[in-house]
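Hi there,

Here is the structure I promised to pass on to you. Please have a look at it, and then read on for what turned up.

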Amino acid sequence: MRAAALTVLLAAAEALSAPKPRSRLFLDSASLADWQELLPTGLFYGVTTNPTILARDGVSCDVKSVSALARRAVEDYGCRQVMFQAWGGSADLFERSALEVLDKVNLGEHVIVKLPLTRQGVVAAHRLRDEAHLCMTACYAREQAVVANALRADYLAPYLGRMSDAGMNGLEECLAMQRALDGSRAHTRLLVASLRKARSVFDVVAAGSDATFSAAVAREFLGFERTEKAAAAFEADVACDVEDEAACIQEAPKNKMIDVAKILGKKKEAA
């Protein structure tokens, strides 16, 4: 009995000490311009969409358009997962739109169906959970993590910014959800949405959650002024001889990437 108990304790300790899966980042966009700019950076595991994002980016919310967009995300841009939201308002229509898109795209686990945490959305998720990978979305309360876990959803998407707008502590709600999922060793990953600043993304990733955010927030990660200045100084050093390094740096345009070829050309002309 003691040996068996020790084995169980060792197994539990090993499971708790095992490294957590790496956080996944998703781009909230259906804009091909955003995809072309940001997906080549390698930051993103995939893209997320919903009817509001589709409308903002000029994509029709119908089976043909959503299917084409999903296939393009995976096949042309290398997304490991793309999320679309089923539509219709009732469990029957949610189920039908989800299955029609999945059948047309036919890319298996690369495509995630989003369903709202309404009664009708939950019923549709229960019907679909053996046929589709699911993300339960429009989450506004920590208790809804219990629902997503029971449905064996792949993701749960709480709206941190919108919860804060409603007078709640959005970050604390999300942290509580992550603790609950960790404590129950759930299959469900927490995908925090409605993140309006790079610092908010940092906070949720630091807690072990996934994050989905807009192109504007993504650009914050790629545009830190001090980093740009440091990189510009490095390029100035490459382009200059040790003797006239100071003069070369002074010649470089301030707050802009240095055109090394141009500087070298001028040095050759002077020689």
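This is a predicted model: local features need pLDDT of at least 70, side-chain atom pairs count only at pLDDT 80 or more; totals for chains, interfaces and linings use all residues.

Residues are numbered from 1 along each chain as its sequence is written, and side-chain values use heavy atoms, with hydrogens and water left out.

Now the strands around that pair. β1 (residues 25–28) sends Leu25 and Leu27 one way and Phe26 and Asp28 the other, and all of them are buried (under 20% relative accessible area; exposed is over 50% and partly exposed is in between, with a 1.4 Å probe and protein chains only). In a regular strand, side chains alternate between the two faces of the sheet. β1 runs parallel to β2, joined by 3 bridges, and also pairs in the parallel sense with β8 (residues 210–213) over 3 bridges; pairing requires that DSSP finds at least two bridges between two strands. In β8, Phe213 is the bridge partner of Leu27.

Overall, the protein chain has 14 helices and 8 strands; these are DSSP runs numbered from the N terminus, with helices being H or I of at least four residues and strands E of at least two. Of its 271 residues, 41% count as buried.

The largest nonpolar core holds 59 residues, and Val113, Leu115, Met136, Leu156 and Phe213 have the most contacts inside it. A second, separate core of 8 residues includes Phe26, Met83, Cys135 and Ala157. Such a core is a set of buried Ala, Val, Leu, Ile, Met, Phe, Trp, Tyr and Cys residues joined through side-chain atoms within 4.5 Å. Leaving aside neighbours within four places in sequence, Met136 is in contact (heavy atoms within 4.5 Å) with residues including Leu115, Val122, Leu151 and Leu156.

Leu43 counts as partly exposed because its relative accessibility is 34%. Lys64, in helix α4 (residues 63–75), is exposed, with a relative accessible area of 65%. The C-alpha atoms of Lys64 and Val101 are separated by 7.7 Å, although these residues are 37 apart along the chain.

Enjoy exploring!

Best wishes
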